[in-house]
Amino acid sequence: MPDYLETTVDKFLFRVATDRSYNAVGIWAKADGNLIRIGLSDYLQQRSGDIAFVEVKPSGSVLAAEDEVASIETIKVNISLPCPVAGKIVRVNPEMETAPEKINQDPFGEGWLCEIEASDWERDQAGLMDAPAYFARMKQEAEEEAKKL
Amino acid sequence: MTMNKKVAIVPCSGIGKPYGTVSRVAAYQVTEDDRAQDTCLVPLALLVLGDEETRQALANNPAVTIDGCKLACATKMVQECGGKVAQEFAVLDIYRRYREFKPQGIAELNEGGEKLAQVLAVEIDRVVDELTGKGGQNA
């Protein structure tokens with residue numbers, strides 16, 4: 001179980017797992033050697049709403065960083081998700097086809113999207129945020145959104 | 001409101017989202033058209049306000065809840081009031097099975113939303129028939 005940074009904005013509790021990196025959109029990347037597992041942050045899944053469908057690029061797809069790795073359809077919006085790392089998709093979470101609600105239920109755990117064999121993880125990681133940096137950005141964004149309500 | 005041995009249909013009360021509207025359109029179809037004699041529409045607001053007659057009716061009759069989102073307010077509120085949820089529906093689960101019927105619109109649903117409400121109503125009809133033992137008559 002990862003440790004979390006937590007904040008409450010309005011009535012919503014947001015968590016950020018400390019053991020991974022994040023892109024600006026809120027896609028996390030967690031490395032195990034050269035294998036990078038990716039998924040949605042808690043903030044991104046809560047902001048997006050209940051997920052109806054997820055379409056992840058199939059295994060074998062070769063992506064550059066920022067290429068679309070998946071698209072999701074929620075009760076609110078359709079979103080294209082940019083890949084935080086360049087490389088080849090080697091495994092797609094089978095739950096995404098049958099139980100996309102896992103993203104809402106467990107965004108940092110069972111709701112992961114896919115695993116990517118990185119072509120240059122060190123380079124890509126340098127362009128991502130660590131947990132404290134993403135936490136600060138996410139908190140500011142959430143507070144700005146709350147003011148609009 | 002009188003509910004003599006009828007199935008209580010309790011839809012989502014969420015305003016401003018298509019999935020909530022789908023739940024209510026389906027509930028109207030069941031309670032006003034498809035199974036008017038066997039069902040009764042229960043507004044969530046009456047439960048929240050603690051309306052005693054509504055609570056009593058739920059205590060004596062099975063309920064079918066229709067939730068518009070994962071908060072599941074309809075189901076939780078019925079349970080909170082001591083009611084027995086015979087079957088709970090989630091609009092999102094129905095939509096996952098009928099992706100061609102994407103609901104849009106709030107005050108007025110698009111064609112997809114109307115069709116989604118219809119298929120949901122048919123599924124509720126079946127549950128009502130099972131609960132009332134009238135499956136053969138309404139088939």
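Reply: Helices (H or I, at least four residues) and strands (E, at least two) are DSSP runs, numbered from the N terminus. This is a predicted model: local features need pLDDT of at least 70, side-chain atom pairs count only at pLDDT 80 or more, and totals for chains, interfaces and linings use all residues. Residues are numbered from 1 along each chain as its sequence is written, while chains are lettered from A and ligands numbered from 1 in the order in which they are written.

Me: In which helix is the place of Gln45(A)?

Reply: Look for the run that covers residues 42-48 of chain A. Gln45(A) sits in that run, helix 1.

Me: Is Gln45(A) buried or exposed?

Reply: Count the other C-beta atoms, placed from the backbone, within 10 Å: 20 or more is buried, 12 or fewer exposed, in between partly exposed. Gln45(A) has 22, so Gln45(A) is buried.

Me: How many Å apart in space are Gln45(A) and Pro107(A), C-alpha to C-alpha?

Reply: In sequence, 62 residues separate Gln45(A) and Pro107(A). They also touch (C-beta atoms, placed from the backbone, within 7 Å). From C-alpha to C-alpha, the distance is 7.3 Å.

Conventions. Contact = placed C-beta atoms within 7 Å. Lists of a residue's contacts leave out its neighbours within four places in sequence.
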